[in-house]
Amino acid sequence: AELPEGSRMHLSTNMCAVHRREVLDEVRRRLSMGEPIHLATTQLVEAGVDIDFPLVLRALAPLDRIVQAAGRCNREGKLDTGYVIVFDPVDGAMPPGIYQTAAHTTNVVFADEPQVDLNSPSTHRRFFELLYPIANLDEHDIAGLRSRLAFEQVAHKYRLIPDATIPVAVPWGDGERLLDEIEARGELTRFDLRALQPYIVSMQPWEHARAEADRLCRRLIEGIDLWRWEGGYDSELGIAVDVSETRIVT
């Protein structure tokens, strides 16, 4: 809300994929035309999003995440210099556990070497040398289970990417027609799932439980863990888990 209304845009996983794609297309258009653009985004921009800004501001994070964000600054080398500013939010929060530990380790690296060179392999070697001895890299004792040949437990506990999220389909754009057709038929096919994928938002269990209690979503088809969003969907921010926001803005 503090960014200029005419130039601000937003990207996050609270938005479905087709909505994010629309935003990115507009971001690229404005950048190519030299129009003002202020993009506020979560970490999703750090993974495979090809945009090029002259200035990037990144909240304190693990060093490797900061480098990923910096990769969106002067990416195409059109400027003599691009600027990346790392700041420590006064009232900001960050995920607990390894993420928080790694962010604090980044602070140590910066304190030891104020003019740190993010392009130097020695910087990253120093970061991981400090991080690994204090980080719990095997929370579920996978190495121990393997050494005891407990492969069934390994298969049960090991997750490369933990995913406990719940899929919610939003009636954004053509998504509303698709959802209406599926409900009218009363069945869900694999072709429907593929067509709906761009309109899915993955919600954390606690977010979903709150939304379900507030009647902001309901099962699309009985017995299938896919939900239809009926709460607020903001044209800038995406899903709004707020019982007072019950409109769809397209």
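**Loop residues and a helix contact**

Modeller: R215 is exposed, with a relative accessible area of 72%. The model is a predicted one. R215 belongs to the loop that links α9 (205-213) to β7 (217-219). Its phi is positive, about 60°, although R215 is not a glycine. Most residues other than glycine have a negative phi.

N74 also has a positive phi, near 50°, and is likewise a residue other than glycine. N74 sits in the loop between α2 and β4 (83-87). In contrast to the exposed R215, N74 is buried, its relative accessible area being 16%; the cut-off for buried is under 20%.

The helix α2 deserves attention in turn. The axes of α2 (residues 63-70) and α3 (residues 98-112) come within 8 Å of each other and cross at roughly 80°. The two helices are therefore roughly perpendicular. On the α2 side, the contact involves L63, R65 and I66, which meet Y99, T106 and F110 of α3. By class, the residues of this contact comprise 4 nonpolar, 1 polar and 1 charged.

T123 is part of helix α4 (residues 121-131) and is buried, with a relative accessible area of 3%. A polar atom of the T123 side chain lies 2.7 Å from the backbone oxygen of D117.

Terms used:
Residues numbered from 1 in each chain as written. Predicted model: local features only at pLDDT ≥ 70, side-chain atom pairs only at ≥ 80, totals over all residues. Heavy atoms only, no water. Axes fitted to C-alpha atoms, helices over the stretch in contact; angles between N-to-C directions. Helix = DSSP H or I, 4+ residues; strand = E, 2+ residues; numbered from the N terminus. Parallel < 35°, antiparallel > 145°, perpendicular 65-115°, else oblique. Contact = heavy atoms within 4.5 Å. Nonpolar A, V, L, I, M, F, W, Y, C, P; charged D, E, K, R; others polar. Buried < 20%, exposed > 50% of the residue type's maximum accessible area, 1.4 Å probe, protein only. Polar contact = N/O pair within 3.5 Å; in protein donor to acceptor, adjacent residues only side chain to side chain.
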